[in-house]
Amino acid sequence: MARLETVPAASARLLLLEAQGLLADPARRVTPASLYRQIERMGFVQMDTINVVARAHDHILFSRFDGYRPRMLEKLLARDRKLFEHLTHDASVIPTAWFPHWRPRFDRYRRRLAARGWWQRRRVDDPEGVIRHVLERIRSEGPLMSRDFEHRGSRERHFWWGWKPQKTALEYLWWTGELAVARRVNFHKVWDLTERVIPEDQRRALPEEREHLEWACREALARLGVATRVEVRQFFEAVDTDAVSEWCRGAAQRGEIVEVLVESADGSKPRRAWTLPGWRRRVARAREAPGRVRLLSPFDPVIRDRKRTRRLFDFEYRVEVFVPASQRTHGYYVLPVLEGDRLVGRVDPKLHRDRGCLVVRGPWWEPGVKATRTRMRALDEAIDRLALQVGATSWELKL
């Protein structure tokens, strides 16, 4: 067997950062068109309810555009319908052009939920009736929120966060593709029939199985730069690992991708992975990482996979939101500090909206990273930009 080429960890980092838009100039002009292109380039943008500093999707886009403002994303979602909300590994904003590739997922969710006795465990009398009632009201009344459905009975605290039956029905209908998120009000979903949210051409198209597999693997690999088969599978969570392995073998035989070894920055053994041909040329063409400090969201796609983050950046990271306060190492909502193409430290911010002040604890620098005047000035500038983006009128750094 031919000897595999080795991709240095630094090159793998550059390929990932370039694919995810973190090598582009963040001071460039942002328009609806450029914002859409960036999201398509990234693949999707994760959403999350936590709002310590900013919503996850907004913070992720702040990191790529200094001039980004949340209303720009709202326009693409709620008015232009160029994006839609659904699940990848979690709730995400996704290009509507890819909606057909979510139809197999809707069928999969429907089968899995039915097989698990999903409604039975909810102890709901006549669950199908609840679904019909919710669907009929939205069909006749138009977009509705969960709060528009009254429920005076008990709620099961051990399953699905204590949701009332109607809320559970709304989520079920969303998971299975019958409802879509038309817009949000104070981050609460406003539901409508999918046929009234998603354009007909995307809504009716259904890719064949091979076409869907090709899309899921090729698009994931393009957005990761270089990736193991598990990383390819985990990107969209659209197909299983065996199917990814089958696609990789076939694509490699056709010369469409190449198998490589990826070095690890943390000293662990190299990993067998896949990349598109010409990776050396892409690394050579990649622009140098912007020479500034950026504070990444805990949900940024560059650090979403903690194992990959450790291997490529030699950076150990975990979200401590669900860790008891006494057991946290750094804080509740810790942000990795990106300097060029390296993760060099972390800070723990909190936006005090009542007084318009962004308070930042830290920084904690990685071993061997010195708090030079230049680095501290760059950190101050990064905090200043974040404060401006989230509407804070002042900020404090608590060392």
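This is a predicted model: local features need pLDDT of at least 70, side-chain atom pairs count only at pLDDT 80 or more; totals for chains, interfaces and linings use all residues.
Two residues are in contact here when heavy atoms lie within 4.5 Å of each other.

- Because F84 belongs to strand β3 (residues 83-87) while W102 lies in the loop between β4 (91-95) and α5 (103-115), the pair ties together parts that are 18 residues apart in sequence.
- Both F84 and W102 are buried.
- A further edge-to-face pair is made by W98 and F236, since their ring centres are 5.7 Å apart and their planes are at 90°.
- With W98 in the loop between β4 and α5 and F236 in helix α10 (residues 229-236), this pair ties together parts that are 138 residues apart in sequence.
- W98 has a relative accessible area of 8%, which is under the 20% limit, so the residue is buried; F236, at 1% relative accessibility, counts as buried by that limit too.

**Charged groups over rings**

- R184 places its charged end over the ring of F187, at 4.1 Å from the centre of that ring.
- R108 lies over the face of Y109, with a distance of 5.9 Å from the ring centre.

**H212 and its surroundings**

- H212 is found in helix α9 (residues 209-224), and with a relative accessible area of 7% it is buried.
- The side chains of H212 and H101 are joined by a polar contact of 3.1 Å.
- When neighbours within four places in sequence are left aside, the residues in contact with H212 are H101, P104, P207, A238 and V239.

**The β5-β6 hairpin**

- Strand β5 (residues 179-185) runs antiparallel to β6, and six bridges join the two strands.
- Together β5 and β6 form a hairpin that has two residues between the strands, and N186 in the turn has a positive phi of about 50°.
- Across the pairing, V185 stands opposite H188 in β6.
- Strand β6 (residues 188-193) is largely enclosed by the rest of the structure, because five of its six residues are buried.

- An open sheet of three strands is arranged in the order β2-β4-β3, and its pairing is antiparallel.
- Since β2 (45-46) and β3 stand at the edges with a single partner strand each, one side of each is left without a neighbour in the sheet.
- The antiparallel pairing of β2 with β4 extends over two bridges, and Q46 stands opposite S92 in β4.
- Helix α4 (residues 70-79) packs on this sheet, where it touches β3 and β4, and its direction makes about 85° with that of β3.
- Helix α7 (residues 165-175) also lies across β3 and β4, and it runs at about 110° to β3.

How values were computed. Residues are numbered from 1 along each chain as its sequence is written. Side-chain values use heavy atoms; hydrogens and water are left out. Helices (H or I, at least four residues) and strands (E, at least two) are DSSP runs, numbered from the N terminus. Buried means under 20% relative accessible area, exposed over 50%, partly exposed in between (1.4 Å probe, protein chains only). Rings of Phe, Tyr and Trp (its six-membered ring) pair if their centres lie within 6.5 Å; planes under 30 degrees apart count as stacked, over 60 as edge-to-face and the rest as tilted. A charge sits over a ring if NZ of Lys or CZ of Arg is within 6 Å of the ring centre and within 35 degrees of the ring normal. Two strands pair if DSSP finds at least two bridges between them. A polar contact is a pair of N or O atoms within 3.5 Å; within protein, one must be able to donate a hydrogen and the other to accept it, and residues adjacent in sequence count only if both atoms are side-chain atoms. Axes are lines fitted to C-alpha atoms, for helices over the stretch in contact, and angles run from 0 to 180 degrees between N-to-C directions.
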